[in-house]
Amino acid sequence: MKTLSKLNIKNQAIHAVPEIELILCCVRPQVDDATTARIKSLVKENNIDWQKFVQKAHSYSVVSLVYTRLNTICPEFVPEPTLAELRSFFQAIAARNLFLTGELVKLLSLMQEQGIVAVPYKGPVLASLIYGNVALRQFGDLDIIVEQKDIFAVKKLLLAQGYRCKVNMTYAEEIAYLQCKTQHTYDFIHDDKQIFIEVHWRIAPKYVSPIEPQHLWKDLEPFSLAGTTVSNLPNEDWLPILCVHASRHIWTRLACLCDIATLIQNNPNLNWEKVLKQANAWGCRRILFLGLFLAHHLLEVVLPEEIWQQVKAERRVTTLLPQVYNQLFHEVTSSDRFLGRTLYHIQIRERLQDKVLYFQSFFYWLMTARTSGEF
C-alpha cells in the first residue's frame, strides 16, 4: 500500500504539469478517442507554457513524434509560432536522419564487401523497424555492432572513408581499451560530414549488461533499409536490449520508452516466451519488467495478461518507480541524481555477480575520477 501511495502521488505530479501530460499523450503509440479528446482539451485550455513544452520535447528527444501527433489532431489550436517552430525542427530532423541513413547503408555495404558482419544498432534501422519512417525517431549519431575481432578492420575502413578516431591511442593502449570492462565502443568522427559513429563490441559496458555480439549473431535476419538489405535483430532481441539501453540512463530519455512501447504495440504476435528466455539468459528480467510497467503505465500499452501478471509480481519494480519518476519528471540536484543512479543500478540487477561487477566498476570509476581531479 505504501508503494501504491507513492505511485499515486507521482501520478498526480505528472498530471499537475500540463506540458508533461500533453507530451505523454502525444507520444503514445496508439491514440484512442479519449486520448485525442484529452490532447485537444489540454491544448485548448491555454494552460500550456509552449516554450517549456518545446524545451521538454527536445530534452526527451520526442519532437518528431509530438509534432506529428499535434499536426494531425489539432493544428488549428496550437499557436502558429509554436507549430511553425516544431515543424522546422521536424523537417531538420528528417533531413538529417535521411542523410545519416544513406551514410550508414554505404558503410554497411563496404563492411559486407570485406566480409565483416556488422549490425546497425538503434538509429535508422530502429526508426524504420518500429515506426516505419526514419523521420519519426530522433538520433544524432550512428551505432554499429561488430565482433571485437573485427574492430581493427572496421577502423581501417572508416579511416579510409575520411573518419578519424575520437581518441588517438597507441596499439598497446587500444588492446587495453578493448579488454576494459567499462568500455564498449570505439568512437569515430567525420569532421566534414559532422557524423559521430560508435562501433560497438558490446551493447553496453559490461557492468550494465553482459550482452555481446556472439549472443545475437545466430538470430540475425535480413531487413530492408533504404532499399538495401542489412542484417537486423529480431523483435524478441530488440525488446530486452532496448530496456537495457533505457535502464542504463534510468529511463530519463523518454524516447527510449517510446521505442519500447511502439515495438510492443505494433507487434501483437511477439514471441513473449523467447523474450523472457533472452531476458533471463542476459540477467535483465527485472529491467525488462520495469520497462514493460512503464510502457503500460505511462504510455498505455496493453500487455498480454500472463505477462502483465508476472510484471506486477516483481516487487522490486514498484519500489523503483518513485525513484525513476523523480529522475524522469522532476528537476533534481547533481548529487541527488548521482546517488539516485547508483542506488538504482544496484537494485535493478538481479544476479549477485552483476551487483558485484557494478560495485567494482563504480569504485574503479570513483578512484579514477579522484586521481584525475574530476570528483
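Biologist: How do the residues lining the second largest pocket divide by class?
Modeller: This is a predicted model, in which local features need pLDDT of at least 70, side-chain atom pairs count only at pLDDT 80 or more, and totals for chains, interfaces and linings use all residues. Residues are numbered from 1 along each chain as its sequence is written, and side-chain values use heavy atoms, leaving out hydrogens and water. Ala, Val, Leu, Ile, Met, Phe, Trp, Tyr, Cys and Pro count as nonpolar, Asp, Glu, Lys and Arg as charged, and the others, Gly among them, as polar. On that scheme, the lining of the second largest pocket has 7 nonpolar, 8 charged and 9 polar residues.

Biologist: Which lining residues are closest to the centre of that second largest pocket?
Modeller: The second largest pocket holds about 490 Å³ of space (a volume is the space filled by probe spheres set on grid points joined across faces, edges and corners). Of its 24 lining residues, the closest to the centre are Lys 122, Asp 141, Asp 143, His 245 and Arg 253.

Biologist: And which helix gives the most to the lining of the second largest pocket?
Modeller: Strand 5 (195-200), helix 10 and helix 11 each supply at least two residues; helices (H or I, at least four residues) and strands (E, at least two) are DSSP runs, numbered from the N terminus. With 3 residues, the top contributor to this pocket's lining is helix 11.

Biologist: How many cavities of 30 Å³ or more does the search find?
Modeller: On a 1 Å grid over the protein atoms alone, a cavity is a set of points where a 1.4 Å probe fits but cannot get out, a pocket is an open set with protein on both sides within 12 Å along at least five of seven lines, and lining residues have an atom within 4 Å of a point. Over the whole structure, the number of cavities of 30 Å³ or more is 2.

Biologist: Which helix gives the most to the lining of the largest cavity?
Modeller: Its lining includes Val 244, Ser 247, Arg 248 and His 345. Helix 10 (235-248) and helix 16 (334-348) each supply at least two lining residues. The most, 3 residues, come from helix 10.

Biologist: Which helix supplies the largest share of the second largest cavity's lining?
Modeller: Among the residues that line this cavity are Ser 61, Tyr 131, Ala 255, Cys 258 and Asp 259. The largest share, 3 residues, comes from helix 11 (residues 254-265).
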